[in-house]
Amino acid sequence: MIEMLKKFSVLLFSLVLLTGLICPCLAQEQTADIVSVQAAQDVEAAPADAEGITADNAVGAPDGEAPVDAEKEAVQEETSSGIPAVKKNEVTSSGIPAVVKTENKDTVGERNLIESFMYNFEKTFIRDSRWKLFLEGFGNTLLIALCSTLLGVLIGMVIAVVKVLHAQMDRPNILVNIFNFIFNIYTTVIRGTPAVVQLFIAYYIIFKNTDNYVLVSIFAFGINSGAYVSEIVRGGILSIDRGQLEAGRSLGLSYITTMMFVVIPQAVKNILPSLGNEFILLLKDTSIAGYIGTLELTKAGNIVRSRTFEPYFSLLSVAAIYLVCVILLEQLIKYFERRMSKSDRH
């Protein structure tokens with residue numbers, strides 16, 4: 001059932017991408033047709049003075065040829081957007097001025113689907129080396145997501161160990177009580193406020209004297225992720241039998257050593273899917289880092305869109321990159337899950 005849903009999602013996204021490529025072509029072609037009809041109506045409405053050729057408006061002609069009307073010789077040139085030119089000196093058999101369409105190689109509306117795709121691809125990625133913007137944005141996105149996840153896991157493990165220690169101690173000392181109180185406030189505040197607000201606080205208040213947008217984004221997303229990871233790790237630790245902790249302590253190991261080398265390695269197998277899901281969510285949440293000026297993938301696509309005035313290809317390309325990354329991460333997480341399940345059977 002899950003595989004069918006994935007295939008359906010990929011098919012649906014492909015249809016959306018195809019629609020995004022076709023719609024600009026159809027829209028531009030319809031616009032050109034409407035302007036052509038309006039131009040024909042304007043020419044038809046203008047009075048045709050067929051007998052108004054005089055010596056003043058006649059241009060020089062070779063001997064033996066009739067003089068030519070200068071106004072009727074004028075031709076409305078084709079515009080850069082591909083609007084058909086109207087030649088006033090050409091009429092049909094019924095006396096109505098003819099609208100002559102001239103082909104413009106830069107007119108997207110007259111291209112077929114393949115040519116339109118290649119044209120939009122060249123305009124979005126190749127022209128002015130805009131692929132470098134996407135490459136830099138994609139690199140910053142991965143860097144922010146990876147570093148923020150590592151920071152969040154580190155913070156989450158520390159908070160989880162302190163909370164479990166506080167819950168398992170009959171009479172926790174004052175130091176454990178203080179840290180547990182601080183960590184409870186931290187998780188409540190972070191999980192109760194939007195990530196974009198935390199990002200603004202980090203940029204305008206905490207790091208107001210720095211222009212390192214990537215560093216600010218890593219800090220903000222790492223702090224945000226730590227609150228969620230702490231609960232994930234705490235649930236994984238509580239899923240391990242208490243006898244494992246007691247066995248380690250009976251061997252003379254300290255509480256921290258037993259947690260780090262006995263309990264947490266066993267808990268990782270239980271929390272791996274949740275940690276992978278947290279990394280995927282964090283990868284997509286980096287798209288809001290552009291609010292403070294960070295050049296991540298979404299920001300790069302929006303910059304290209306503002307330069308090409310073509311939202312379909314650039315933004316759908318960004319969405320496709322995110323989708324491919326998420327699919328690859330899902331397969332990687334499943335691979336590690338299978339490897340760990342094999343170790344359990346053996």
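This is a predicted model: local features need pLDDT of at least 70, side-chain atom pairs count only at pLDDT 80 or more; totals for chains, interfaces and linings use all residues.

Trainee: OK, back to Asp128. What's its phi?

Mentor: Near 60°, which is a positive value in a residue other than glycine.

Trainee: And is Asp128 buried or exposed?

Mentor: Asp128 counts as exposed, because its relative accessibility is 62%. The cut-offs are under 20% relative accessible area for buried and over 50% for exposed, with partly exposed in between (1.4 Å probe, protein chains only).

Trainee: Which residue follows α10, and what's its phi?

Mentor: Phe309, with a positive phi near 55°. Phe309 sits in the loop between α10 and α11 (311-345), and it counts as exposed because its relative accessibility is 71%.

Trainee: How long is α10 itself?

Mentor: α10 covers residues 297-308, so 12 residues, and spans 17 Å from first C-alpha to last, close to the 16 Å expected at 1.5 Å a residue. The expected span is 1.5 Å times one less than the number of residues.

Trainee: Which residues of α10 are buried?

Mentor: Leu297, Ala300, Gly301, Val304 and Thr308. Looking down the axis of α10, those buried residues fall within an arc of 95°, so they line one face of the helix. The arc is taken from the directions from the helix axis to the C-beta atoms.

Trainee: Why would that spacing put them on one side?

Mentor: An α-helix has 3.6 residues a turn, so residues three or four places apart point the same way.

Trainee: What caps the N-terminal end of α10?

Mentor: Glu296 does, with a side-chain oxygen 2.8 Å from the backbone nitrogen of Thr298.

Trainee: Switching topic: how do α7 and α9 pack?

Mentor: α7 (residues 213-238) and α9 (residues 255-285) pack at an angle of about 140°, with axes 8 Å apart. The axes are lines fitted to C-alpha atoms, for helices over the stretch in contact, and angles run from 0 to 180 degrees between N-to-C directions. That makes α7 oblique to α9; angles under 35 degrees count as roughly parallel, over 145 as roughly antiparallel, 65 to 115 as roughly perpendicular and the rest as oblique.

Trainee: What about α6 and α7?

Mentor: The axes of α6 (residues 195-206) and α7 come within 9 Å and cross at roughly 135°, so α6 and α7 are oblique to each other.

Trainee: Last one, Lys163. Buried or exposed?

Mentor: Lys163 lies in α4 and counts as buried, because its relative accessibility is 10%.

Trainee: Which side chains does the Lys163 side chain contact?

Mentor: There's a polar contact of 3.5 Å with the side chain of Asn184, and the side chain of Thr187 also makes a polar contact with that of Lys163, at 3.5 Å. A polar contact is a pair of N or O atoms within 3.5 Å; within protein, one must be able to donate a hydrogen and the other to accept it, and residues adjacent in sequence count only if both atoms are side-chain atoms.

Conventions: Residues are numbered from 1 along each chain as its sequence is written. Side-chain values use heavy atoms; hydrogens and water are left out. Helices (H or I, at least four residues) and strands (E, at least two) are DSSP runs, numbered from the N terminus.
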